[in-house]
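Here are my notes for your first pass through this model. Keep the structure open beside them and check each point as you go.

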Amino acid sequence: MLIGYMRVSKSDGSQQFDLQRDALVESGVQAERIYEDTASGKRDDRPGLLSCLKALQPGNVLVVWKLDRLGRDAIDVSTTVSKLEKMGIKVHCLALGGVDLTSSAGKMTMGIINNVAQFERDLLIERTQS
């Protein structure tokens with residue numbers, strides 16, 4: 001069974017779920033099986049993600065639009081994917097062509113993308129501090 005998760009960071013209406021929802025539904029996720037959050041990826045207490053993780057069963061596939069929807073940094077995303085893999089749950093990322101992040105190629109791709117994203121975030125922090 002496919003289960004989707006989507007997240008936007010702001011609740012002020014400036015960010016919408018439309019692109020994520022459309023992509024998840026187009027990939028085969030039923031609308032009633034999509035969980036959502038309006039919260040920063042840094043937060044560990046995202047109710048939509050917690051509900052999503054509780055709903056997942058071995059053999060399910062968690063589908064996300066982009067890696068950063070699962071978490072804000074490389075370690076967080078990798079940890080989540082690793083935990084799900086150990087539970088027999090695959091994770092597919094649509095922005096990476098639907099690659100299974102629990103496969104060898106998916107793990108390598110996720111590692112590269114996560115490291116580049118972390119680098120960009122660190123640069124942004126450095127620029128802000130300067």
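1. Start with one pair of residues. Ile3 has Leu62 as its bridge partner in strand 3. Strands here are DSSP runs of E, at least two residues long, while helices are DSSP runs of H or I, at least four residues long; both are numbered from the N terminus. Two strands pair if DSSP finds at least two bridges between them.

2. A word on the source. This is a predicted model, in which local features need pLDDT of at least 70 and side-chain atom pairs count only at pLDDT 80 or more, while totals for chains, interfaces and linings use all residues. Residues are numbered from 1 along each chain as its sequence is written, and side-chain values use heavy atoms, with hydrogens and water left out.

3. Five strands form an open sheet in the order 2-1-3-4-5, and the pairing is mixed. Strand 2 (34-38) and strand 5 (99-100) are the edges, each pairing on one side only. Helix 2 (residues 47-55) packs on this sheet and touches strand 1 (2-8), strand 2 and strand 3 (61-64). The direction of helix 2 makes about 155 degrees with that of strand 2. For such angles, axes are lines fitted to C-alpha atoms, for helices over the stretch in contact, and the angle runs from 0 to 180 degrees between N-to-C directions.

4. Which way do the neighbours run, parallel or antiparallel? Strand 1 and strand 3 are parallel, joined by four bridges. Strand 1 and strand 2 are parallel too, with five bridges. Four bridges also join strand 3 to strand 4 in parallel. Strand 4 (residues 90-93) and strand 5 are antiparallel, over two bridges. Strands of a sheet pair through backbone hydrogen bonds in either sense.

5. Follow single residues across the sheet. Tyr5 stands opposite Tyr35 in strand 2, and opposite Val64 in strand 3. Val63 has His92 as its bridge partner in strand 4. His92 in turn has Asp100 as its bridge partner in strand 5.

6. Look at how the strands are covered. Buried means under 20% relative accessible area, exposed means over 50%, and partly exposed lies in between (1.4 Å probe, protein chains only). Six of the seven residues of strand 1 are buried. In strand 3, Val61 and Val63 are buried on one side, and Leu62 and Val64 are buried on the other. In a regular strand the side chains alternate between the two faces of the sheet.

7. Leu62 counts as buried because its relative accessibility is 0%. Contact means heavy atoms within 4.5 Å. Beyond residues up to four places away in sequence, Leu62 touches a list that includes Ile3, Tyr5, Cys52, Leu70, Leu84 and Val91. Leu62 and Leu2 are 60 residues apart along the chain, with their C-alpha atoms separated by 6.1 Å.

8. Then the cores. A nonpolar core is a set of buried Ala, Val, Leu, Ile, Met, Phe, Trp, Tyr and Cys residues joined through side-chain atoms within 4.5 Å. The largest has 18 residues, of which Tyr5, Leu62, Leu70, Val81, Val91 and Leu101 touch the most other members. Strand 1, helix 2, strand 3, helix 3 (74-86) and strand 4 each supply at least two residues. Helix 3 gives the largest share, three residues. A second, separate core has eight residues, among them Val8, Phe17, Leu24 and Val29.

9. Leu84 touches Leu53, Leu56, Leu62, Ile89 and Val91, leaving out residues up to four places away in sequence.

10. Gln20 is in helix 1 (residues 18-26) and is buried, with a relative accessible area of 3%. Ile125 is in helix 4 (residues 104-129) and is partly exposed, with a relative accessible area of 36%.
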